[in-house]
Amino acid sequence: MRMVSRFAAGTHRRSLVRAATRATALLVTVPLVTLGLSVGIAAAQRSATVTSYGNTIDSPTAIVAGPDGALWFTNLSNSSIGRITTAGTISNFTDPSIVGPMAITVGPDGALWFTNNLGSSIGRITTAGAVTDYTDPSVFGAEGIVAGPDGALWFTNEFNNSIGRITTAGAVTNFTDPSIDGPNGIAVGLGGALWFTNAFNNSIGRITTAGAVTNFTDPSIDGPKGIAVGPGGALWFTNEINNSIGRINAAGAVTNFTDPSINVPTAIAAGPDGHLWFTNQSGASIGDITTTGTVTDHRGPRIGGPFAITAGPDGALWYTNFFDNSVGRVTTAGDVTTYTGVGISRPFGITVGADGALWFTNEGNSSIGRITTKGTVTNYAAGSINVPTEIAAGPDGALWFTNQGNNSIGRITTTGTVTKYIGRGINGPVGIAAGPDGALWFTNRAGNSIGRITVTGKVTTYRGTKINRPYAITTGPDHALWFTNSGSNSIGRISVTGKVTNYTGTGIARPMGIAARPNGALWFTNQGSIGRITVTGKVTNYTDPAIEDPVAIAAGPDGALWFTDVNRGAIEVITTKATP
């Protein structure tokens with residue numbers, strides 16, 4: 001497999017571099033991204049369009065409680081804005097103007113305002129998802145942002161060492177001073193001034209709404225990052241370099257607090273309990289510190305590179321896990337909950353269910369996923385699901401899938417009830433399809449054979465020299481079973497009586513998934529492309545930069561081909577006007 005990096009480099013990320021029962025369902029929403037398709041060199045050429053459903057939580061950075069009672073956060077790597085309710089339901093918003101969003105805050109106009117660190121602009125998004133983008137030559141590497149006491153938004157420009165101000169109408173003013181050096185976090189302090197951290201010259205800055213700048217230094221300030229107002233009006237900040245928490249009063253007097261559990265602290269926020277809560281990016285924990293300096297360390301499942309933190313409307317603290325691509329919640333008692341993105345984790349198999357939705361397998365987290373054509377995902381997990389690969393709609397209305405991890409065939413109803421079948425003749429099962437004879441047919445990649453299982457669990461196995469590491473399988477328009485031979489770069493056909501035919505040729509390269517279309521052709525996934533083969537063996541190949549490592553493919557109820565892309569961690573769609 002080709003490995004593709006989705007992490008765009010930037011100076012603001014220097015610290016990141018351092019440093020059979022009823023299943024449980026998770027309901028979230030995923031975004032829609034349209035990409036142009038170019039046709040590759042093949043036996044024939046056709047035009048097509050690719051749409052991608054990907055991970056909604058992708059290197060999340062900032063998070064804030066929104067005016068609608070939900071939490072809003074920025075996704076740095078996939079350039080989107082996320083929303084998560086206190087019940088864990090996630091929505092994602094994309095727009096061409098959102099480029100590397102870093103920080104987010106609630107504006108005086110009831111909208112969410114955010115910094116586009118890589119796009120060098122200031123964005124605004126309503127709770128309904130409408131996005132407005134504001135640009136200005138002085139906005140360069142915008143980092144932190146906060147609603148000021150003057151009805152405007154104030155932000156830090158890390159790349160040009162300045163402090164910016166933007167009105168809700170989009171008018172930008174820029175303030176510079178020799179003491180501003182690598183500004184990051186920003187907060188409103190006592191007296192209506194803005195306080196910010198200077199990461200490069202290890203100082204804390206203060207700027208009035210008129211633009212007057214004061215700079216405060218202290219030997220204990222070392223790599224300051226996040227800053228927040230604490231009880232009594234003092235400013236509390238994180239020191240990423242020397243692993244400490246700082247406190248500075250209105251007069252500029254600094255107090256420093258250390259503890260062994262403080263490990264690359266990044267963001268900080270005042271909690272409802274009067275404590276200051278902060279993220280330990282390298283320590284993979286959430287810390288809280290009292291105003292007298294007592295530190296408590298909180299750990300829990302899947303805390304990975306915690307970055308930003310905020311007090312939620314439910315009385316808990318919510319934070320982003322940069323490396324884990326998730327959002328976490330910790331109560332003031334220390335109970336941790338983690339919410340992951342869309343339930344898509346190394347997706348492989350995909351098919352249309354009797355309920356009109358697409359059902360797919362998640363090899364990465366051993367679960368079965370369901371996605372509607374609108375992009376809403378439900379995820380099912382059960383102990384009997386073990387490295388599921390391919391999936392097919394059975395004649396009994398349930399979904400049938402292969403479990404590579406425990407050499408079994410699984411069955412899941414559209415309500416989430418799972419059954420597991422084991423026995424002889426099941427050896428490294430991968431592909432599975434409903435046959436024209438009312439049984440399920442599957443490929444045994446490890447056993448170089450084709451298997452057949454009835455809905456009551458009876459297994460028959462077929463072997464032959466033309467079966468070479470078979471992967472996916474489907475019923476063709478000719479009432480035979482068609483499968484991919486990943487070991488011999490060929491497409492195979494087996495009749496219900498067991499007779500095997502093999503097809504090779506240009507445009508077949510390490511084929512994996514395969515699906516039949518109503519127009520009489522079979523569609524399959526190659527390494528980096530999508531292929532099409534007629535029942536007479538004519539092959540057409542389609543390529544696009546968006547297609548990286550496609551595995552499984554299915555004909556959707558909307559007439560398009562839906563497929564899983566492992567490297568991108570996405571569900572993608574291809575439409576075409578190709579004829580048989």
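**Exercise 1.** Which residue in strand 46 is the bridge partner of Trp482?

*Solution.* In this predicted model, begin with the two strands concerned: strand 45 covers residues 481-485, while strand 46 covers residues 490-494. These strands run antiparallel and are joined by five bridges, and within strand 46 the bridge partner of Trp482 is Arg493. Finally, follow the chain through the hairpin that strand 45 and strand 46 form, where four residues lie between the strands and Asn489 in the turn has a positive phi of about 50°.

**Exercise 2.** Work out the order of the strands in the open sheet, and identify its edge strands.

*Solution.* Take the pairings one at a time. Strand 44 and strand 45 pair in the antiparallel sense over four bridges, with Phe483 in strand 45 as the bridge partner of Ile473; in their hairpin, which has five residues between the strands, His479 takes a positive phi near 70°. Strand 45 is joined in turn to strand 46, and strand 46 pairs with strand 47 in the antiparallel sense over four bridges, Asn502 in strand 47 being the bridge partner of Gly492. The order is therefore 44-45-46-47, with antiparallel pairing. Strand 44 (470-475) and strand 47 (500-503) are the edge strands, since each pairs on one side only, and the twist averages 25° from one strand to the next.

**Exercise 3.** Are the residues of strand 45 buried or exposed, and which of them point the same way?

*Solution.* With buried meaning under 20% relative accessible area, five of the five residues in strand 45 are buried. Sorting them by direction, Leu481, Phe483 and Asn485 point one way, whereas Trp482 and Thr484 point the other way.

Technical notes
Residues numbered from 1 in each chain as written. Predicted model: local features only at pLDDT ≥ 70, side-chain atom pairs only at ≥ 80, totals over all residues. Heavy atoms only, no water. Axes fitted to C-alpha atoms, helices over the stretch in contact; angles between N-to-C directions. Buried < 20%, exposed > 50% of the residue type's maximum accessible area, 1.4 Å probe, protein only.
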